[in-house]
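Reader: I am new to this structure and would like to go through it with you. Could you show it to me before I start asking?

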Amino acid sequence: MATTLLTKNTNTIKPDPNEPALTPPVLEKQTTFARKPKIAGAPKSRKRDIPEGLWTKCPKCEAMVFDKELDDNLKVCPKCQHHFPIGARERIHSLVETCSFEETNAEMTSVDVLGFTGPVTYASKLAAYQKSTTLKEAVVTGFGMIGAHKVGLGVMDFEFLGGSMGSVVGEKITRLIEHATKKILPVIILSTSGGARMYEGMFSLMQMAKTSAALAYLAKLRLPYISVLTHPTTAGVMASFASLGDLILAEPGAMIGFAGPRVIKDTTQAELPPGFQTAEFLLDHGLIDAIVPRKEMKGRLGEYLDYLTARLGNGNVPASV
Ligand SMILES: [Zn+2]
């Protein structure tokens, strides 16, 4: 699986943890107060009672949810159970036993192989997202314990360039599967993606075949692969490793599909049924096996692994090999 030419291990781009705070420019003629003057005895305004950044409005039930409450609840609305996006590291933390996760290929970063030019260069996009997410790429891979099971775990992050799959995402996932195949371990991948990464053109599309081929080798050893689809999982990722699970799970309300609904509507010239491309719709139509709420995910994955690895003999060697 040779796309190593497209990848390199580098420490050159690092988020600067000591970035100085921005100082606003001094106005020559100050016509307004920088701060609202305090007036003794004045009633507190409502705005002051709700400081910005501490509350998030739920897009589904429109309730204002206290951010700390949302964090404690794994980014699930406590009122209506709407699943907000969650970062890769936070998700891994919610799934594996404490301190059991060992990341693999953590330093692998993308290269602008096509010399992509546009309003913004690919290199500057990468640098900006590495800084804003503190991730090197749109997937984090490694090995960890879920209950009593050691697993190869890949978790995508939509915040990094829409979870798009370029050479590095494809390579990290392929290496994860290959390592798991060598170690005789199950693989779990939690996907969220807008599809292939346009900045890498055909090299992105090649990752679909590469990841699928790696999974075929895992399947030859009859090692389990669980794919978990989270909001949204679409296009090239859905058309490759995300839809190849022995078990395919999804989070409630996740949008899952290949092309977007507008494209399908225009192509088929037909009205789309209600709930089209949601996890619930796809469960009813047999594409996925179960919908698992985020808070139950760790326990349910442990149960599924109990079943799927029961036939593995001592030392995890598959009985059939
Ligand atoms: Zn809600």
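Reader: Thanks. What geometry does the site of the zinc ion have, going by the angles among its donor atoms?

Author: Keeping in mind that this is a predicted model, the site of the zinc ion is tetrahedral, with angles of 106 to 112° among its 4 donor atoms.

Reader: And which residues coordinate the zinc ion?

Author: The zinc ion is held by the SG atoms of Cys58, Cys61, Cys77 and Cys80, at 2.3 Å. Along the sequence these donor residues follow the spacing C-x2-C-x15-C-x2-C.

Reader: Are Cys58 and Cys77 buried or exposed?

Author: Both Cys58 and Cys77 are buried.

Reader: Let me change topic to the rings. How many aromatic pairs are there?

Author: The count comes to 5 aromatic pairs. One of them joins Trp55 and Phe66, a tilted pair with 5.3 Å from centre to centre and 45° between the planes. Trp55 belongs to strand 2 (residues 55-57) and Phe66 to strand 3 (residues 64-66), so this pair ties together parts that are 11 residues apart in sequence.

Reader: How accessible are Trp55 and Phe66?

Author: Trp55 has 34% relative accessibility and therefore counts as partly exposed, and Phe66, at 34% relative accessibility, is partly exposed as well.

Reader: What about the rings of Tyr129 and Phe160, how are they placed?

Author: Their centres are 6.0 Å apart and their planes stand at 50°, so the pair of Tyr129 and Phe160 is tilted. This pair links distant parts of the chain, with Tyr129 in helix 4 (residues 122-133) and Phe160 in the loop between strand 7 (149-156) and helix 5 (167-183), 31 residues apart. Tyr129 is partly exposed, with a relative accessible area of 24%, whereas Phe160 is buried at 0% relative accessibility.

Reader: Why does 24% make Tyr129 partly exposed?

Author: Buried means under 20% relative accessible area and exposed means over 50%, so Tyr129, with a relative accessible area of 24%, counts as partly exposed.

Reader: Which residues form an aromatic cluster, and what lies over the face of Phe143?

Author: Phe116, Tyr122 and Tyr199 form one aromatic cluster. Over the face of Phe143 lies Lys183, at 4.2 Å from the ring centre.

Reader: On to the helices, then. How many residues of helix 5 are buried?

Author: Helix 5 is mostly covered, as 12 of its 17 residues are buried. Among them are Val168, Val169, Ile173, Leu176 and Ile177, and also Glu171 and Lys172. From its first C-alpha to its last, helix 5 reaches 24 Å, close to the 24 Å expected at 1.5 Å a residue. Helix 5 is followed by Ile184, which has a positive phi near 55°.

Reader: Where does helix 10 bend?

Author: Helix 10 bends by about 25° at Arg300. At 1.5 Å a residue, the 15 residues of this helix (residues 294-308) should span 21 Å, and its end C-alpha atoms are 21 Å apart, which agrees. Its buried residues are Arg294, Met297, Leu301, Gly302, Tyr304 and Leu305.

Reader: What phi does Arg222 have, and where is Arg222 found?

Author: Arg222 also has a positive phi, of about 55°, although it is not a glycine. Arg222 lies in the loop between helix 6 (201-220) and strand 9, and at 49% relative accessibility it counts as partly exposed.

Reader: One last thing: is the peptide bond from His231 to Pro232 cis or trans?

Author: The peptide bond from His231 to Pro232 is cis, with omega near -15°, and Pro232 lies in strand 9 (residues 225-233).

Conventions: Residues are numbered from 1 along each chain as its sequence is written. This is a predicted model: local features need pLDDT of at least 70, side-chain atom pairs count only at pLDDT 80 or more; totals for chains, interfaces and linings use all residues. Side-chain values use heavy atoms; hydrogens and water are left out. Helices (H or I, at least four residues) and strands (E, at least two) are DSSP runs, numbered from the N terminus. The expected span of a helix is 1.5 Å times one less than its number of residues. The bend at a residue is the angle between axes fitted to the seven residues ending there and the seven starting there. Buried means under 20% relative accessible area, exposed over 50%, partly exposed in between (1.4 Å probe, protein chains only). Rings of Phe, Tyr and Trp (its six-membered ring) pair if their centres lie within 6.5 Å; planes under 30 degrees apart count as stacked, over 60 as edge-to-face and the rest as tilted. A charge sits over a ring if NZ of Lys or CZ of Arg is within 6 Å of the ring centre and within 35 degrees of the ring normal. Donors are N, O and S atoms within 2.8 Å of the metal (3.2 Å for Na, K and Ca); water is not among the atoms, so sites may look incomplete. Four donors count as tetrahedral if all angles lie between 85 and 135 degrees; four count as square planar and six as octahedral if opposite donors are over 155 degrees apart and all others between 65 and 115; anything else is irregular.
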